[in-house]
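Thanks for asking me to look this one over. My notes follow as numbered points, to be read next to the sequence and the model.

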Amino acid sequence: MEAEETRCAACRWWGGEWRDDEKGPLGTCRAHAPRTSQPKRRGRFDYARGEWPWTAATDWCGEFEGKGAATAP
Ligand code: SF4
């Protein structure tokens, strides 16, 4: 089991945005560019949009980076 401090909630790439009653806080991982969804039909047109992957606050992966000190843009 991973330590709490290496979970998505503590990662610089994670943005908590929503809460699920079963999974708790959910957010998007922005470590990489958004992925294009499967095209969906809207009226006469098919469209796809970019989506960042959703993860739970307690998820983790090998690309974790701590939030660290704020840096100037
Ligand atoms: S999936 Fe990995 S890189 Fe993305 S927020 Fe979670 S720990 Fe960070």
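1. A definition before anything else: two strands pair if DSSP finds at least two bridges between them. With that in hand, take Gly16, whose bridge partner in E2 is Gly27. Please keep in mind throughout that this is a predicted model.

2. Overall make-up. The chain has 7 strands and 0 helices, so the pattern read along the sequence is simply β-β-β-β-β-β-β. Along its principal axes the C-alpha trace spans about 50 × 35 × 20 Å. The radius of gyration of the chain is 15 Å, whereas a compact globule of 73 residues would have one near 11 Å.

3. Burial and contacts. Buried residues make up 7% of the 73 residues in the chain. Among contacts with a separation of 6 or more, 48% are between residues 24 or more positions apart.

4. The sheet. Three elements, in the order E1-E2-E7, form an open sheet with antiparallel pairing. The edge strands are E1 and E7 (54–56), each of which pairs on one side only. On average, and with direction ignored, neighbouring strands of this sheet are turned by 40 degrees against each other. As background, strands of a sheet pair through backbone hydrogen bonds, either parallel or antiparallel.

5. E1 with E2. How many bridges hold E1 and E2 together? There are 6, and the pairing is antiparallel. A hairpin of 3 residues connects E1 to E2. Asp20 stands opposite Gly24 in E2, and the Gly16 and Gly27 pair from my opening point also belongs to this pairing of bridge partners.

6. E2 with E7. Strand E2 covers residues 24–29 and is joined to E7 by 3 bridges, again running antiparallel. Thr28 has Trp54 as its bridge partner in E7, while Gly27 stands opposite Thr55 in E7.

7. The ligand shell. Which residues surround the ligand? They are Cys8, Cys11, Trp13, Trp14, Cys29, Ala31, Thr55, Asp59, Trp60, Cys61, Glu63 and Phe64. By class, this shell has 9 nonpolar, 2 charged and 1 polar residues. If you want to check the class count, note that Cys and Trp count as nonpolar and Asp and Glu as charged.

8. Cys8. Is Cys8 buried or exposed? Cys8 counts as buried because it has 22 C-beta neighbours inside 10 Å, and the cut-off for buried is 20 or more. Cys8 is found in the segment before E1 and is one of the residues around the ligand. Leaving out residues up to four places away in sequence, Cys8 touches Trp14, Gly27, Cys29, Thr55, Ala56, Ala57, Asp59 and Trp60. Among these, Trp14, Cys29, Thr55, Asp59 and Trp60 also surround the ligand. The C-alpha atom of Cys8 is separated by 18 Å from that of Asp21, 13 residues apart along the chain.

9. Arg7 and Ala3. Both Arg7 and Ala3 lie in the segment before E1. Arg7 counts as partly exposed because it has 18 C-beta neighbours inside 10 Å. Ala3, with 8 such neighbours, counts as exposed. For Ala3 and Gly43, 40 residues apart along the chain, the C-alpha separation is 47 Å.

10. Arg30. To finish, look at the loop between E2 and strand E3 (35–36), where Arg30 has its place. Arg30 is partly exposed because 14 other C-beta atoms lie within 10 Å. Not counting residues up to four places away in sequence, Arg30 touches Trp13, Gly15 and Trp52; of these, Trp13 is also one of the residues that surround the ligand. The C-alpha atoms of Arg30 and Glu65 are separated by 12 Å, and the two residues are 35 apart along the chain.

Methods
Residues are numbered from 1 along each chain as its sequence is written. This is a predicted model: local features need pLDDT of at least 70, side-chain atom pairs count only at pLDDT 80 or more; totals for chains, interfaces and linings use all residues. A residue is near a molecule or strand if its C-beta atom, placed from the backbone, lies within 6 Å of it. Helices (H or I, at least four residues) and strands (E, at least two) are DSSP runs, numbered from the N terminus. A residue is buried if 20 or more other C-beta atoms lie within 10 Å of its own, exposed if 12 or fewer, and partly exposed in between; C-beta atoms are placed from the backbone. Axes are lines fitted to C-alpha atoms, for helices over the stretch in contact, and angles run from 0 to 180 degrees between N-to-C directions. The radius of gyration is taken over C-alpha atoms; the globule rule is 2.2 Å times the number of residues to the power 0.38. Two residues are in contact if their C-beta atoms, placed from the backbone, lie within 7 Å.
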